[in-house]
Amino acid sequence: MTKLSFQELILKLQYYWQDYGCAILQPYDVEVGAGTFHPATVLRSLGSKPWNVAYVQPSRRPTDSRYAQHPNRMQHYYQFQVILKPSPDDIQDLYLKSLEHLGIDMQAHDIRFVEDDWESPTLGASGLGWEVWCDGMEVSQFTYMQQIGGIDCRPVAGELTYGLERLALYIQGVDAVKDLDWNGQTGEKALTYGQVDFEAEKQFSKFNLELADTEILFRHFEDAEKQCSALIKENLPMPAYEYCIKASHLFNLLCARGVVSVTERAAYIARVRHLAKLSCENWIEMDKS
Amino acid sequence: MSELLLELFSEEIPATMQQKAAVGYEEIFAKYFQEQTISFASIKSYVGPRRLTIHVTGIAAYISASKKEVKGPKTSAPENAIHGFCHSNGISKDLLSRQEIKGVEYFVYEQMTAQQQTKDILQNTLMDPISTYVWPKSMFWGDYQIKWVRPLRNIMCIFDGQTLDFKYGHLVANNKSFGHRFMSPEPFEVTNFAEYKQKLSDNFVVLDHFERKAYISKESNKIAAKMGLVIKEDNDLLEEVTGLVEYPKVLLGSIDQKFLSVPSEVLSSSMRSHQKYFSLFDQKGDFAPYFLFVSNIAATNPELVVQGNEKVLSARLSDALYFYNQDLKTKLNQKSQKLDKIIFHAKLGTVGDKVQRVAKMAEYLLPNNEDIVKAALVCKSDIVSEVVGEFPNLQGIMGYYYAKYESLNEDVAVAIRDHYKPQGPSDSCPAGIAAFLALADKIDSLCGLMLAGEKPSGSKDPFALRRQALGIVRIVLENELLVNISELVDVAVSGYSVYKKDANLCSTSQIIEFLEDRMRHFLKDEYSHELVNAVLDLEKEPSLVNTKIKLDSLQIFVKEDAYTDLIIAYKRASNIVASFVGKDEKINESLFDNDYEKNLYNFLQDYEPKIKAEIMAKNYSGSLKMLAAMRAPISSFFDNVMVKVDNQIVANNRLLLLSKAKQIFDQIAKFDQL
């Protein structure tokens, strides 16, 4: 297997899905917990129009902050997301060919589709599918979207989410994320994942777990909620949804700060889900008209 | 006789759903054939990750012509009713005949069904049984209208060597099947089951779940034996991995020594839940640094697959090691502080509050014991540890290791570990101080959750209160703990007094009743229903141990000679005194006019205090032995003395005598239940 650098891995995936006919989009410029939160998945998976896109999404999970001390758990990481709507009959083969395109030989490795249904209580979304294993390593999530914002998806979109760090660890034969080769250069120009991202990892861990001002966060949550509701009234589902995502991230930060009790937690999730539901419903109405 | 072969070819079916579906489809098809009145010899289903196959043999080629009488309206019925009947059967009135049924004349239609080809019936209706099975979860895909567990990609259907090209949703059945996803992906054609199985086998697919399972089991044991190791038995895991492969290859990987400092339970859990690997142990029972896994391919270089899996496991175990080391940095009592942030139940405060209650209860159960209080105060601390966060099934077990690490003594560590036990009917009961702690924890949970209105109903028991109550019964009986259940419930309930406003949805007597009910359930295997009903009464005898001793004594007693006569006498006495009201009066000896009365009276005078003393001393077999002595006087009394005589005063005196005799019985057990 050729040892692709982290950026080559992304480029290869982009070329592969471009050749299939996907539009290559850019990351959404708001903090999100996963590639799914990008409106290109949440909003565009709804409605009847075909939609075939791929994009990288930097994602944040404040509770996974480990001060860059953990070999593969970070509060910031990258996902590569593909949405194919309607899901084509050969979507599994298309996916497997993308792995081959990355240099993974299907005859030499043990590839498996292992049941893993996906659910996002904050988005009111769910889907059925698998995690894809390569020699026991989970390299992707494969989901047939069934519902988003409480709305049934028809036609159904297939969602492929590549865990880029995992995949790179596997392809480069490296043990810790910080040691991943980022740019494939040697000598002075060489950069590792650690050199690119781990200072931020340390600083944000301290912010997420210790310093984020919870009073501000609570207030911003309320504000985001208000803004979202107001935008719905104006029939602007896209900015409304953006404030839903903001609320979701603020909630995640509050969780990381350990100030949300178990009972409150359920209530906050319900509040974000409500925003997601309103945004999606509004989007569908706009889409129809 | 014909053969039907149907293959539903799918994207990967969840492993844990496969076997149930195979059984379900077998039943559905059997029923379908019966309803269509098509006779057959056998139905068998096969299941794997990518296909569910049904094979029916010995099918009749056609169903013969038949005649069925359809009863219509009365001949006197209004014309529109008769017209309606004809219309619904698609016939004209002149096809109706008249028939008298139970004195009333009805119209009858003799419906003739022509001979039908089985092939035609299948062609027209096979889609029905396919759609009948309800998966635990099903889904839509693409822009199609049908639902299945995962996208259904192809249907192969062969009847008698011919393709049945029926339609199901957007799919049209054909004669094609497919081999292994990677080793032989091209389609091949099929004409019968034998050929199907052979071609699958040639194309690297083992069709039969049980064949795969047996193979995996055999191969794994072979590899383990070669290493001088034994596999940790785990049938659920074996079932699951069998459902993840079409062409199993068992491989052995090794684990880096550096992870062996982590408790083996953590290693095993990580390997099992994340990776579906089997753990291996040496002959002494120590964790061995190897693992077995089942791949789905005869890879060009299996060593590469092994290396890949070792690497993944190494990353997983690094996680475990990291978490474990993090956990060791804080002591259990430091962890306890975090419990104040975890809600035990919305109406019942935090886990921190619960721990305080459990500690008090433990102290009440076992006063002046430092260890139990020490254990109680940290028994839930591991819940907030990183390892238990990852593997909730390790709660208790991790507490044990953390306790050992900070040099708490073995008894304390074991009590922390075992206080969740027994976790089910097959789990063992804790002993020693762990038994008291387990009891304290369970009685506290049971009472609190009952107060909060979480009493189980039907199949709904989200807090597993039945299991908790059964645990209480087992712990008390197996450890022969002389605790007063009713007091215990009172103490536990009083611990919740601060939540009274929200949590008062149950009375203490309802809690005791619930426990009594579980006790009854527990005893049903060992004692007859009647015997349990005669003895079990926690309000009256709040000790489970005494209840059990009583049951044992009574069980022996009912087999003794004296028993039959005594129970007859008891029932006669009960019947006679049932409506007697003057039970509290004193017996007047001077009214006795025969020895039978006197003898019974003397017996009662003599034995009543003795029997009472035996009961007080909880010597039930002693009390029953004495009761047996009543056989002669009471039997003779009934044989020779008339109770309801005309002289009301004498009659009353005799009724008094019998009431007294009955009271003695009643003190021992509810003999009316026997």
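Of the 674 residues of chain B, 39% count as buried; a residue is buried if 20 or more other C-beta atoms, placed from the backbone, lie within 10 Å of its own, exposed if 12 or fewer, and partly exposed in between. The model is a predicted one, in which local features need pLDDT of at least 70 and side-chain atom pairs count only at pLDDT 80 or more, whereas totals for chains, interfaces and linings use all residues. Residues are numbered from 1 along each chain as its sequence is written, and chains are lettered from A and ligands numbered from 1 in the order in which they are written.

Chain B contains 26 helices and 18 strands; helices (H or I, at least four residues) and strands (E, at least two) are DSSP runs, numbered from the N terminus. The C-alpha trace of chain B spans about 105 × 90 × 50 Å along its principal axes. The radius of gyration of chain B is 36 Å, whereas a compact globule of 674 residues would have a value near 26 Å; the radius is taken over C-alpha atoms, and the globule rule is 2.2 Å times the number of residues to the power 0.38. Among contacts in chain B between residues at least 6 apart in sequence, 68% join residues at least 24 apart, two residues being in contact if their C-beta atoms, placed from the backbone, lie within 7 Å.

Two helix pairs of chain B were examined. Two packed helices are described by the angle between their axes and the distance between the axes. Axes are lines fitted to C-alpha atoms, for helices over the stretch in contact, and angles run from 0 to 180 degrees between N-to-C directions. Helix α6 (residues 209-226) of chain B packs against helix α7 (residues 235-242) of chain B at an angle of about 120°, with the axes 9 Å apart. α6(B) is therefore oblique to α7(B); angles under 35 degrees count as roughly parallel, over 145 as roughly antiparallel, 65 to 115 as roughly perpendicular and the rest as oblique. The crossing of α6(B) and α7(B) is right-handed; a crossing is left-handed if the near helix is turned anticlockwise from the far one by less than a right angle, and right-handed if clockwise. In this pair, B:His209, B:Arg212, B:Lys213, B:Ile216 and B:Ser217 of α6(B) meet B:Leu238, B:Val241 and B:Thr242 of α7(B). The contact of α6(B) with α7(B) has three nonpolar, three polar and two charged residues, where Ala, Val, Leu, Ile, Met, Phe, Trp, Tyr, Cys and Pro count as nonpolar, Asp, Glu, Lys and Arg as charged, and the others, Gly among them, as polar.

In the second pair, the axes of helix α24 (residues 620-628) of chain B and helix α26 (residues 648-668) of chain B come within 11 Å and cross at roughly 155°. α24(B) and α26(B) are therefore roughly antiparallel to each other, and their crossing is left-handed. B:Ser623, B:Leu624 and B:Leu627 of α24(B) make the contact with B:Ile664, B:Phe665 and B:Ile668 of α26(B). By class, the contact of α24(B) with α26(B) comprises five nonpolar residues, one polar and no charged.

The contact between the chains takes 32 residues from chain A and 33 residues from chain B. On the side of chain A that touches chain B, β4 (111-115), β6 (125-134), β7 (137-148) and α8 (262-288) of chain A each supply at least two residues. The largest share of this side, five residues, comes from β4(A). The side of chain A that touches chain B has 14 nonpolar, 11 polar and seven charged residues.

Individual positions were also considered. B:Leu544 is located in helix α21 (residues 544-557) of chain B and is buried, with 27 other C-beta atoms within 10 Å. Leaving aside neighbours within four places in sequence, B:Leu544 is in contact with B:Val473, B:Val476, B:Leu477, B:Ile485 and B:Met519. A:Gly47, in the loop between α2 (39-42) and β2 (51-60) of chain A, counts as partly exposed, with 19 C-beta neighbours inside 10 Å.

The peptide bond from A:Arg154 to A:Pro155 is cis, with omega near -5°, and A:Pro155 lies in the loop between β8 (151-152) and β9 (158-163) of chain A. In chain B, a cis peptide bond joins B:Lys421 and B:Pro422, with omega about -10°. A:Asp135 is not a glycine but has a positive phi of about 50°; A:Asp135 lies in the loop between β6 and β7 of chain A and is buried, with 24 other C-beta atoms within 10 Å.
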